[in-house]
Amino acid sequence: MADDKDPDMNDWIARTGGRLEDGARVVFDTPKPARRALDGPVMTPLIHLGILDVVGDGAERFLQGQTSAQLSLVDGEFAPLGCFCTPKGRVLANVQLWHVAPGHYRLLTHHELVASLAEHLAKFAPFYQVELTTRDDLALIGLFGHEAPAVAEALLDVTPPGAWRQADRDEYQVVGHPGPVPRLLICLPTSGVEATWSRLAAQVTPVDSAAWRLHDIQAGLVWLDASQRDSYLPQMINWEALGGISFKKGCYTGQEVVARAHFRGQVKKRLMRAQLDGEHLPEPGSAIMDAADKRLGEVLSAELDAYGQAEILAVMSTREPNEPLSVAGQKLKLLKLPYPLERLDPEQLAEKH
């Protein structure tokens, strides 16, 4: 619940007019937030995400052996996706990585997975003389909408990065995320977040954090939570289609299973996007059922769109479904993903500017 968050975070969000609900959702009184986000610019605290720092002379070698990302590409400009897996190739945490300073990397993931990821990596950290730090002293703000890049340039004095790119300015780090409109994630110390929020508020409307999560869904991007940990191969959440798996790097934990599933075409479930005929939001884990009442998969995330209908991301069987499909009694309509379901090498993605 709300009080399991840092009290200082509760305080600054309350002073901006926001309210914490259900632990990691922020709500404002702005009407029709999903519609406002289509135009923007809008902003919201992203407290459902968290940060783990990896620091030390051996940080690059350490992460190279643990994550699907190619660390040599994480250079202060390219900020790719990656994931950490079990030896059986199941995702323990999916992350975005960026470079802070020499020997200093920052991992963005679902806030519920920060502690378990730190615990997992701590088993190997001493061999590389690196330190793992949960950064509760950092705040994350989502700035999005068609004018968001111009706002970032004018009010934060930072050159706005594109998707999976990074830009730094003084105490800020700004990383770009894909979506139906430009999206920028701002990482900054909590000590300065209220002043920054106030400066942005002169031109930017606060909206519910659900609006940012909706754009994640529309971007085909899911952040696994604690209930989904150790359940899926990276390809089941389309991580290779988003450039989150390097098939050109050396070994990392789970690499053999991940590579075998790719090269042998053994992935029988995929992340799919869909709309429900209704406004009820299904809980994560809710079953996708076919016409014969057979389970095809489960919901990973769900939010209401600008028209008050539920949109979801779900891991589902890739076989031709026996329609109609439903979730918790609501009819399901499959929607197109904004990217092809094919391998996108991060090495290729890093070259695009």
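## Charges, fold and a buried histidine

The protein carries 35 positive and 47 negative side chains, and the centres of the two sets lie 7 Å apart. Here Lys and Arg count as positive and Asp and Glu as negative, with His and the chain ends not counted; each charge is placed at NZ of Lys, CZ of Arg, CG of Asp or CD of Glu.

A word on the basis: this is a predicted model, in which local features need pLDDT of at least 70 and side-chain atom pairs count only at pLDDT 80 or more, while totals for chains, interfaces and linings use all residues. Residues are numbered from 1 along each chain as its sequence is written, and side-chain values use heavy atoms, with hydrogens and water left out.

### Overall build

Nine helices and 19 strands make up the secondary structure (DSSP runs numbered from the N terminus: helices are H or I with at least four residues, strands are E with at least two). The radius of gyration is 20 Å, close to the 20 Å that the globule rule gives for 353 residues, so the protein is as compact as a globular protein of that length. That radius is taken over C-alpha atoms, and the rule is 2.2 Å times the number of residues to the power 0.38.

Of the 353 residues, 59% count as buried, meaning under 20% relative accessible area with a 1.4 Å probe, protein chains only. Among contacts (heavy atoms within 4.5 Å) with a separation of 6 or more, 70% join residues 24 or more positions apart.

Six strands form an open, mixed sheet in the order 10-11-12-9-3-13, where two strands pair if DSSP finds at least two bridges between them. Strands 10 and 13 are the edges, each pairing on one side only. Strands 3 and 9 pair in the antiparallel sense over four bridges, and T44 stands opposite G142 in strand 9.

| Strand | Residues |
|---|---|
| Strand 3 | 42-45 |
| Strand 9 | 138-144 |
| Strand 10 | 166-169 |
| Strand 13 | 205-206 |

H48 counts as buried because its relative accessibility is 3%. Leaving aside residues up to four places away in sequence, H48 touches A24, T109, H110, H111, W212 and R213.

Helix 4 (residues 114-122) has V114, S116, L117, A118, H120 and L121 as its buried residues. Their cover includes helix 3 and strands 4, 5, 6, 7 and 8.

Conventions: Buried means under 20% relative accessible area, exposed over 50%, partly exposed in between (1.4 Å probe, protein chains only).
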